[in-house]
Amino acid sequence: MTQIYGSNWINGTQSTLGTDTTKIFDPATGDLVGHFQASDSAEVARAVKAAKCAQSGWWELGAQRRTELLNQVADNLRNSSHLLAEIESREMGKPIAMAQTDIHGSAEVIENQISGAIEFFAESSSSTGRLVRRPYGVAALITPWNYPVCQVTDVVGALLVAGNTVVVKPSEKAPLSVAALSEVFDCLPPGVFNIVLGNGATGSALIENPDVDLVHFTGSVATGRKVGAVAGARLIPCFLELGGKDPLVIDEDVDIKWAAEIAVTGSLFNTGQVCTSVERIYVHKNIAEPFISELVAQASSWTIGPGSDPSNQLGPLIDGSQRDLVHEHVFEAQLKGAQVLIGGEPLPGPGFFYPPTVVLNPPDDSRLMTEETFGPVITVCVVESFEEGITRANSTSFGLSAGALTANPQHVAAASHLSAGMVTINGGGEGPDDPPFEPTRFSGSGRLFFGPRALEAYTTAYAVNIGEAK
Ligand code: NAD
């Protein structure tokens, strides 16, 4: 297989690669996928300078032209989706078809986010307008490895159509698919969209650069705290999208097969490496036995293997340390009295595979119940009542998303008060138009939108009071 060389993209040009490179290996096979070079603070400063120089011209182009160009970006993203999905799969293990579907979804997100920009700016800057909207300036976009492409493309359309310019710093664990985005954004003026590859030090240099005006960070709680502290000291806006320990509460009156399907997919999708994975299930005692048997049967049927084979549903974990962490959580819960019904041991052979694992009744103080696991582990606790399930679901430091399955209208009402940035009842239905997604507590801060309201978040607003001249 061809090796990929990930380059920076600064001011519309690829930076030449040095010799001090970091290697990226396929987590399914151990094969070398490619290299990249971690950017130092001088390289970061070059990217920020390019973004700063390009910003006023980008803003002055006007919302209509920015919208046209970003529609072109969305088209390019669709056209490149197979290549990008293939690189994602090789560098972080995800099944290719899944990655490609996500990327197509993200092209739609860009189109939705930019769809109202012309009206948004027309209204806010009319001659009688009392509320004026302006971009912040240069945005730093720092992203994790679990959805390498979409973590960039789900946010950047809105940042850009708002008139900001952007410097992206993807995760050092999966940077190559993001580096390949330079071709997708090639249609924009130089300096509007820049990519600097690198590690935590690169990210740190980026947010400390005095010409960065806004930080958008997605990643772990531990890093989010550091990023928030730097942005706080610099008094610049900071969006933090962090981890979760999302609960699913299951009532006694639901169809068991349907409930098991939602629980299994929610826990195993992307090998559990999703910020909104189901990480704690509370099931009513009256259906616990048949529900657990169905859950085990469905989870056992998931096919495991490299994401390059379309028949596989469960790829590897991103690396050895993530697999160790998942196993530590399972092992500690078992030591503390939980029952491991299936799985529970790393799989032999090449790759960082961990099987679908079902753990029953871990104690509330085990790491499996208190920390983000980010692996293919389905954790089930049997509760005496739906109310107990809701109470235990809410007893967490996180607040990303939460779900419930119930046919009882009173329980639907109770579940609506689950404490999280997004609540999904019975798998979801038609919700409000362009809803906010606002994580709470350790899961972060700042409101995300996947539609046109994103412009509210990524622009500053100020009032202009115009009186009569005398
Ligand atoms: P991470 O915190 O280790 O790294 C995230 C990014 O931060 C990487 O690009 C990394 O290089 C960079 N970074 C590290 N130290 C930094 C510093 N001091 N200053 C600036 N940048 C720095 O997270 P990860 O392991 O890549 O991602 C997994 C985490 O992301 C999980 O906790 C997951 O829940 C979370 N996540 C959250 C969402 C969401 O929308 N809430 C979405 C996806 C993933």
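**Notes on a two-domain predicted model**

1. The C-alpha centres of domain 1 and domain 2 lie 31 Å apart. Domain 1 covers 4-242 + 443-464, and domain 2 covers 246-432; these bounds come from an automatic or database domain assignment. Where they touch, 18 residues come from domain 1 and 23 residues from domain 2, with contact meaning heavy atoms within 4.5 Å.

2. Before going on, some ground rules. This is a predicted model, where local features need pLDDT of at least 70 and side-chain atom pairs count only at pLDDT 80 or more, while totals for chains, interfaces and linings use all residues. Residues are numbered from 1 along each chain as its sequence is written, and side-chain values use heavy atoms, with hydrogens and water left out.

3. Have a look at the open sheet of 7 strands, ordered β14-β15-β16-β13-β12-β18-β19 with mixed pairing. Strands here are DSSP runs of E, at least two residues, and helices are runs of H or I, at least four, both numbered from the N terminus; two strands pair if DSSP finds at least two bridges between them. β14 (339-342) and β19 (422-425) each have a single partner strand, so one side of each has no neighbour in the sheet. On average, neighbouring strands are turned by 20° against each other, direction ignored.

4. Ile 342 has Val 358 in β15 as its bridge partner. Helix α12 (residues 320-335) packs on this sheet, touching β14, β15 and β16 (377-383), and its direction makes about 30° with that of β15. Axes are lines fitted to C-alpha atoms, for helices over the stretch in contact, and angles run from 0 to 180 degrees between N-to-C directions.

5. There is also an open sheet of 3 strands, β1-β5-β4, again with mixed pairing. Its edges are β1 (4-6) and β4 (22-25), each with a single partner strand, so one side of each is left without a neighbour in the sheet. β1 and β5 (residues 32-36) pair in the parallel sense over 3 bridges, and Gly 6 stands opposite Phe 36. Helix α3 lies across β1, β4 and β5, at about 95° to β4.

6. Now for α3 (residues 81-92) and α4 (residues 96-114): their axes come within 8 Å and cross at roughly 130°. That makes α3 oblique to α4, as angles under 35 degrees count as roughly parallel, over 145 as roughly antiparallel, 65 to 115 as roughly perpendicular and the rest as oblique. Residues meeting here include Leu 84 and Ala 85 in α3 and Ile 96 and Ile 103 in α4.
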